[in-house]
Amino acid sequence: LPKNRLGLSQWLFDKNNPLTARVFVNRLWQMHFGQGLVSTSDDFGNQGSLPSHPELLDWLAVEFMESGWDIKKLHKLIVMSATYQQSSELTPELLEIDTDNILLARGPSMRMTAEMVRDNALAISGLLVSKIGGTSVYPYQPEGLWDEISNKPWRYKYKQQPGEGLYRRSLYTVWKRTSAPPSMQIFDGGDRSVCTVKRRETSTPLQALVLLNDPQYIEASYVLAESLIDEVEENKELQLKKAFQLSTGRKTSKEELSILKKFLDEELERFLNNKEDAVAYLNMGETKIKNTSYPVKVAALATVINGIMNTTEGFTIR
């Protein structure tokens with residue numbers, strides 16, 4: 001190959017050099033399982049870890065190259081595998097034998113990334129705009145945040161967008177190097193001042209604060225609540241079951257349903273006594289409810305949905 005940039009690019013994707021495919025496949029495996037087949041996904045050299053399943057890594061790399069570097073096909077291959085579809089339940093026996101799931105005896109269990117947490121809330125509410133491409137967008141952000149980090153007279157103002165800009169995928173959210181989107185930063189989104197191959201995963205009270213108070217999540221909750229009430233208006237039990245399944249990906253148990261019913265009754269009573277609070281709650285976001293004749297019902301169910309979103313299962317892949 002020529003000793004120039006063209007030669008370098010050709011060598012990177014040459015079938016006799018499988019390193020590129022192995023590294024990329026390992027990153028996708030890490031995305032789905034929380035840990036790559038090579039745990040040091042940033043180091044495939046002598047200082048890095050050996051692959052836990054070298055033959056699987058090689059096979060996936062070859063499949064990836066032979067598919068024409070089809071990323072979507074590789075995602076599908078991983079998520080449709082028996083390995084991925086296993087239960088994530090951790091038994092005492094598995095904990096003793098394989099604490100970190102190196103042997104892949106159970107399915108993945110990890111918190112969604114910052115972008116996934118937001119996109120998931122928008123998706124289950126029906127607010128997510130799936131349009132592909134375009135310029136950066138300006139969703140909800142605390143007012144004056146950018147002003148706090150710069151006192152230059154020519155500083156750029158944050159101009160929150162109306163309409164679909166509030167509901168585009170998080171991939172399109174504008175990112176200022178000195179001020180990452182705060183809700184994503186709280187969920188361990190990188191600050192982009194350095195390259196981050198693997199994000200840390202923390203669990204802090206601030207994350208609960210975001211899920212319970214950020215306009216994006218409150219808005220998603222009441223939009224979904226109105227949709228469920230319109231679908232099955234008189235059946236509170238079915239509303240709760242559907243809300244729970246949409247938020248967690250599984251059916252509710254009898255005990256959980258009992259707790260949710262009690263929670264909903266308490267919220268109905270609270271908002272019946274303070275109807276202005278229900279109206280204020282439903283005015284948190286840009287999208288307003290279509291039917292204003294039952295704000296108490298919508299607000300009460302919305303707070304329950306918001307509570308479900310704030311549970312571990314509400315933002316965990318498992």
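The following dialogue goes through how features of this predicted model are named and on what grounds.

Student: How do you know how many helices and strands the protein chain has?

Tutor: Helices are DSSP runs of H or I with at least four residues, strands are runs of E with at least two, and both are numbered from the N terminus. On that basis the protein chain has 14 helices and two strands. Its C-alpha atoms fill a box of roughly 75 × 60 × 30 Å along the principal axes.

Student: What share of the residues counts as buried, and what makes a residue buried?

Tutor: Buried means under 20% relative accessible area, exposed means over 50%, and partly exposed lies in between, with a 1.4 Å probe and protein chains only. Of the 318 residues of the protein chain, 39% count as buried.

Student: Why is Leu1 called exposed?

Tutor: Leu1 has 59% relative accessibility, so it counts as exposed. This residue is found in the segment before α1 (5–12).

Student: What makes the patch that includes Leu1 a nonpolar one?

Tutor: Patches are made of residues with over 30% relative accessible area and no salt bridge; like charges are joined within 9 Å, and nonpolar side chains (Val, Leu, Ile, Met, Phe, Trp, Tyr) within 5 Å. Here Leu1, Leu8, Trp11, Leu12 and Phe13 make a nonpolar surface patch of about 510 Å².

Student: Why is the pair Arg22 and Asp58 called a salt bridge?

Tutor: A salt bridge is a side-chain nitrogen of Lys or Arg within 4 Å of a carboxyl oxygen of Asp or Glu. The closest N and O atoms of Arg22 and Asp58 are 2.8 Å apart, and the two form a salt bridge. The pair links distant parts of the chain, with Arg22 in helix α2 (residues 19–33) and Asp58 in helix α3 (residues 54–66), 36 residues apart. Arg22, at 27% relative accessibility, counts as partly exposed, and Asp58 is partly exposed with a relative accessible area of 32%. A search of the whole structure finds twelve salt bridges.

Student: How do you know that Lys131 and Glu164 form a salt bridge?

Tutor: The closest N and O atoms of Lys131 and Glu164 are 2.6 Å apart, and the pair forms a salt bridge. It too links distant parts of the chain: Lys131 is in the loop between α6 (114–125) and α7 (145–148), and Glu164 is in the loop between α7 and α8 (182–186), 33 residues apart. Lys131 counts as partly exposed at 42% relative accessibility, as does Glu164 with a relative accessible area of 38%.

Student: What makes the phi of Asp188 worth noting?

Tutor: Most residues other than glycine have a negative phi. Asp188, found in the loop between α8 and α9, has a phi near 70°, a positive value in a residue other than glycine. Trp69 is also listed here, with phi near 60°; it is found in the loop between α3 and α4 (71–79).

Student: Why is Gln141 called buried, and which residues does it contact?

Tutor: Gln141 has a relative accessible area of 14%, so it is buried. Its place is in the loop between α6 and α7. Contact means heavy atoms within 4.5 Å. Leaving aside neighbours within four places in sequence, Gln141 is in contact with Trp146, Tyr158, Gln160, Pro181 and Pro182.

Methods: Residues numbered from 1 in each chain as written. Predicted model: local features only at pLDDT ≥ 70, side-chain atom pairs only at ≥ 80, totals over all residues. Heavy atoms only, no water. Areas by Shrake-Rupley, 256 points an atom, 1.4 Å probe, with all protein chains shown as cover.
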